[in-house]
Amino acid sequence: MTIQADSIRKAFPILSRTVNKRPLVYFDNAATTQKPQVVMDRLMHYYSYENSNIHRGAHFLSQQATEAYESARATIRAFIHARHNHEVIFTRGTTEAINLVAYSYTKKFVKPGDEVLISAMEHHSNIVPWQIACQELNARLKVIPMNERGELDMEAYAKLLTGKTRIVALTHVSNALGTVNPLKEIIRQAHNMDIPVLIDGAQAIPHMAVDVQDLDCDFYCFSGHKMYGPMGVGVLYGKEEWLNQMPPYQGGGEMIREVTFSGTTYNELPFKFEAGTPNVADVLGMESAVKFISHLGHEHIAAHENALLEYALSQMEQLDQIRFIGTASQRTSVISFLFKDIHPYDTGTILDKLGVAVRTGHHCAQPIMDFFEIPGTVRVSLAIYNTKKEVDILIEALKKVREMFG
Amino acid sequence: MTSISDKEQEVVNEFELFDDWMDKYNYIIELGKSLPPIDEKHKEDKYLINGCQARVWLHARMEDGKVVFLADSDALITKGIVALLIRVLSGHVPQEIIHADMTFIDEIGLKEHLSQTRSNGLLNMIKQMKLYALAFSKTSAK
Ligand SMILES: Cc1ncc(COP(=O)(O)O)c(C=O)c1O
């Protein structure tokens with residue numbers, strides 16, 4: 001089966017709407033993807049027939065909802081090939097997953113003078129939580145530099161790993177550049193020095209198969225809404241050895257075993273890290289999204305998206321004076337660029353008028369923009385439902401932009 | 001002397017001539033291009049308006065009891081809208097600027113540029129222009 005974007009598009013109701021009186025061309029998938037009908041049906045079904053609080057009531061509905069929720073955990077375990085179901089913690093999204101580790105892991109394992117290592121191409125969500133933790137603990141935040149193509153400097157990385165490094169936190173795929181980082185090598189080197197590695201997988205998970213055991217990462221974070229699932233839900237995968245040693249992130253119901261006013265003993269994994277009533281409906285919606293992706297098959301998704309990426313790049317290259325930001329040899333689904341000396345905001349405004357949705361600005365990665373000394377970029381990001389025809393519309397729209405600002 | 005609200009109406013009338021968005025944006029881009037460049041010394045960070053995707057610098061001075069605004073932006077559409085704001089507000093006494101309602105932006109269909117995501121910076125721009133006027137009204141009252 002190869003991907004027939006035209007038939008897949010029918011699964012996404014929003015794709016048939018118009019914007020500014022033109023058919024919507026949605027190229028802002030790195031910000032959030034659209035949702036297929038099955039995901040929305042799952043949410044409706046849960047609230048219509050299954051809604052109940054989980055892990056609590058002894059009644060029928062509560063048991064059924066609990067089973068559905070735990071079965072979603074098993075689906076997601078299989079999807080990322082984790083060893084155990086309890087290594088899958090549900091969160092609000094990537095941001096909360098990273099914050100959880102940045103808080104709980106550092107609290108236990110980071111001492112004053114220790115170091116946390118991130119990279120020059122991180123999203124703010126993989127910078128700020130570590131900055132906060134380092135400030136709190138008097139630890140130091142170190143940064144792996146990158147080159148002009150937007151690839152990590154692996155020599156510098158090897159030197160930055162020291163006896164003081166307590167964790168490496170790194171993105172799988174850069175949301176602003178599209179770079180795919182060589183995770184296996186990075187993780188191997190860190191593990192040689194007994195340093196755990198957290199991977200921000202927000203931009204990887206919709207595009208490629210992720211096997212956390214094969215990668216051997218210690219933590220892997222992602223968001224449902226960037227992989228055709230609902231907003232407000234995501235996953236922290238963590239190896240149980242680490243999760244068991246880490247203190248809870250939030251206190252509340254569900255995460256306890258026994259509470260008295262003199263003290264509390266915590267529940268086991270995964271519940272220790274899921275305080276309060278979880279987002280059951282959206283977890284089930286995310287499970288539907290995972291099934292949707294698995295049904296299409298990651299190899300077919302990658303084949304379609306990579307072919308489209310190459311087509312888009314080759315068409316865009318033919319436009320005069322286009323400057324690509326991020327030209328790594330390993331990349332996926334993201335094209336960041338500047339067009340002539342036209343400000344990204346100007347380009348984005350006219351594209352929008354022509355029905356083409358792109359992202360403009362710094363993409364929550366200001367250090368990357370500082371590195372390239374640019375105010376921001378225009379970003380086209382692809383998904384399974386995008387077509388060559390849409391790329392052609394983009395190219396025509398860019399020609400119009402050139403005409404208007406020429 | 002034309003009042004601010006007369007000038008607002010003037011702009012609204014002008015924009016009514018455009019029947020398609022492209023003519024409108026071409027006009028805004030032209031306005032942006034024709035806004036006189038400001039002195040480099042006013043392109044410092046302290047004159048930057050917060051919250052814009054595009055950078056906007058704003059400076060003001062008093063001339064014969066009227067506020068004169070100078071501004072620039074690195075994006076042309078933004079600069080064109082800034083040019084409209086200056087055309088409407090510059091050259092008026094502080095009190096008139098402080099009380100200007102600025103509904104013309106909505107009427108000419110540029111409200112989206114004032115939305116949270118696009119650039120609440122333009123809203124900040126109007127606010128900053130009014131703050132200049134307020135500051136001048138205080139100093140001249142002394
Ligand atoms: C690389 C990367 N990390 C983290 C995030 C944050 O994800 P969320 O806002 O879903 O928590 C994003 C989203 O833009 C991202 O692209």
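For sorting residues by class, Ala, Val, Leu, Ile, Met, Phe, Trp, Tyr, Cys and Pro count as nonpolar, Asp, Glu, Lys and Arg as charged, and the others, Gly among them, as polar. On that basis, the shell around the ligand in this predicted model comes out as nine polar residues, two charged ones and one nonpolar. The residues in question are A:Thr94, A:Thr95, A:His123, A:Ser125, A:Thr171, A:Asn175, A:Asp200, A:Ala202, A:Gln203, A:Ser223, A:His225 and A:Lys226. A:Ala202 is the nonpolar one, while A:Asp200 and A:Lys226 carry the charged label.

For A:Lys226 the distance to an oxygen atom of the ligand is 2.6 Å, for A:Gln203 it is 2.7 Å, and for A:His123 it is 3.1 Å. On its own the ligand has 390 Å² of accessible area, and the protein covers 84% of that.

Elsewhere in chain A, there is an open sheet of four strands, running in the order S13-S14-S17-S16 with antiparallel pairing. Strand S13 (322-324) and strand S16 (359-361) sit at the edges, each pairing on one side only. On average, neighbouring strands are turned by 30° against each other, direction ignored.

Definitions and conventions:
Residues are numbered from 1 along each chain as its sequence is written. Chains are lettered from A and ligands numbered from 1 in the order in which they are written. This is a predicted model: local features need pLDDT of at least 70, side-chain atom pairs count only at pLDDT 80 or more; totals for chains, interfaces and linings use all residues. Side-chain values use heavy atoms; hydrogens and water are left out. A residue is near a molecule or strand if one of its heavy atoms lies within 4 Å of it. A polar contact is a pair of N or O atoms within 3.5 Å; within protein, one must be able to donate a hydrogen and the other to accept it, and residues adjacent in sequence count only if both atoms are side-chain atoms. Accessible areas come from the Shrake-Rupley method with a 1.4 Å probe; for residues, only the protein chains shown count as cover. Two strands pair if DSSP finds at least two bridges between them. Helices (H or I, at least four residues) and strands (E, at least two) are DSSP runs, numbered from the N terminus. Axes are lines fitted to C-alpha atoms, for helices over the stretch in contact, and angles run from 0 to 180 degrees between N-to-C directions.
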